[in-house]
Amino acid sequence: MTDDRTGDDIYGEKHKEANEPIFSGIPTFLKLPEVDRDALDEEDVDVGILGAPLDTATTIRPGTRYGPRAVRAASTVPSPPYQHFNIETGVDPFDTYSVADTGDATISPGDTRGSQLNIEDAVYEIAEQATPIVIGGDHSISYPDIKGWAEANGYDDIGLIHFDCHADTGDDGLTGFEYDHGAWVKRVYDDDLMAGENYTLIGPRGFWPGPDTYEEMREAGMKWYTAMEVGNMDLDDIVADAVQRATDGTDAVWVSFDVDVMEPAYAPGTGEPEPGGLIPREAIYMVREVVKALDPDDFGFDVVEVSPAYDVSDTNSYNGGITSGLANRLIIEVLGSMALAEQGLQSGDPIKPKEPLGPTASAESPADD
């Protein structure tokens with residue numbers, strides 16, 4: 001990747017010009033080019049998007065098999081296809097990165113473990129050539145995501161920043177299956193890919209897991225900030241701590257975002273909604289700041305547990321609902337923060353009004369009579 005590329009150089013006229021209506025064509029992520037996973041190097045792709053439509057490792061409400069499709073559908077609104085300048089951060093990630101949709105990992109209904117191994121292979125193939133961003137699927141996919149990514153790059157020690165309502169550190173999952181969506185963190189830890197001191201959970205609340213599991217997490221050196229603590233603390237302090245822990249002596253950092261970390265009023269389309277979660281501004285801000293502080297060359301991300309059947313305004317995934325729209329937005333935010341980190345910047349070049357925000361300095365009090 002060269003630092004002086006622009007989106008026009010990478011994508012041509014499609015960077016800024018919408019050449020077809022949003023309801024036409026094949027709905028790849030952001031209508032980006034679809035590239036076979038074995039051709040990412042050849043096509044000079046920097047970031048590969050992968051769908052992992054697996055939901056047979058969930059334990060309550062199914063439906064996340066349709067998550068990748070819904071997030072892709074939501075990503076076509078609004079257009080244009082590739083240019084995504086963010087008015088708040090002042091960066092367009094597609095001026096920095098060539099991003100492609102690599103399709104979905106192979107899922108075999110009825111063979112959960114086999115499907116997870118297929119996901120691991122697909123992430124491995126992407127990670128040999130590009131940065132993987134994975135759309136789930138239930139949260140069990142994060143174990144094969146991390147395994148494939150770490151093995152492809154030779155990472156021995158990784159940091160993990162985990163946004164979730166639940167800890168997902170169960171020894172045997174929620175109902176006795178050690179590879180279900182409530183056990184993936186424990187699988188990563190048991191494989192010695194991650195030390196407890198390099199793990200931070202943001203947003204847990206409610207009633208699972210129980211005290212014994214949290215005691216084990218504490219003994220392992222793991223750390224968490226409950227949803228109420230997030231609401232009462234300075235977000236920058238949480239971000240700084242999570243980043244410091246994730247990067248302390250590690251080779252790389254994975255960020256995993258479960259949409260059930262959100263207050264379900266804002267993200268109802270998930271299998272296990274729990275009242276009292278994060279609001280979108282908190283989540284978007286923390287994801288932005290976390291990723292800006294990481295090395296984009298040794299990084300991976302997944303967003304999971306979007307279940308469009310329960311989403312507001314989504315009865316068919318033709319254009320996504322509010323939860324899949326949030327997931328889509330998070331991926332673009334991740335790409336934007338990666339672009340800033342690549343350039344060594346904290347901020348891009350946002351467009352601001354001529355006058356400063358708030359009362360202007362030239363405003364004078366009415367003269368006394």
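A total of 16 salt bridges is counted, a salt bridge being a side-chain nitrogen of Lys or Arg within 4 Å of a carboxyl oxygen of Asp or Glu. This is a predicted model, in which local features need pLDDT of at least 70 and side-chain atom pairs count only at pLDDT 80 or more, while totals for chains, interfaces and linings use all residues. Residues are numbered from 1 along each chain as its sequence is written, and side-chain values use heavy atoms, with hydrogens and water left out.

Reader: Which residue forms a salt bridge with Asp-101?
Author: Asp-101 lies in strand E2 and its partner in helix H2 (residues 67-74), so the pair ties together parts that are 29 residues apart in sequence; helices (H or I, at least four residues) and strands (E, at least two) are DSSP runs, numbered from the N terminus. The closest N and O atoms are 2.8 Å apart, and the partner is Arg-72.

Reader: Is Arg-288 buried or exposed?
Author: Buried means under 20% relative accessible area, exposed over 50%, and partly exposed in between (1.4 Å probe, protein chains only). Arg-288 has a relative accessible area of 10%, so Arg-288 is buried.

Reader: Which residue of helix H10 (residues 322-342) is tied to Arg-288 of helix H9?
Author: The two side chains meet in a salt bridge at 2.7 Å, N to O. The pair ties together parts that are 45 residues apart in sequence, and the H10 residue is Glu-333.

Reader: How many bridges pair E1 with strand E3 (residues 131-136)?
Author: Two strands pair if DSSP finds at least two bridges between them. Ala-52 stands opposite Gly-136 in E3. E1 and E3 pair in the parallel sense, and the number of bridges is six.
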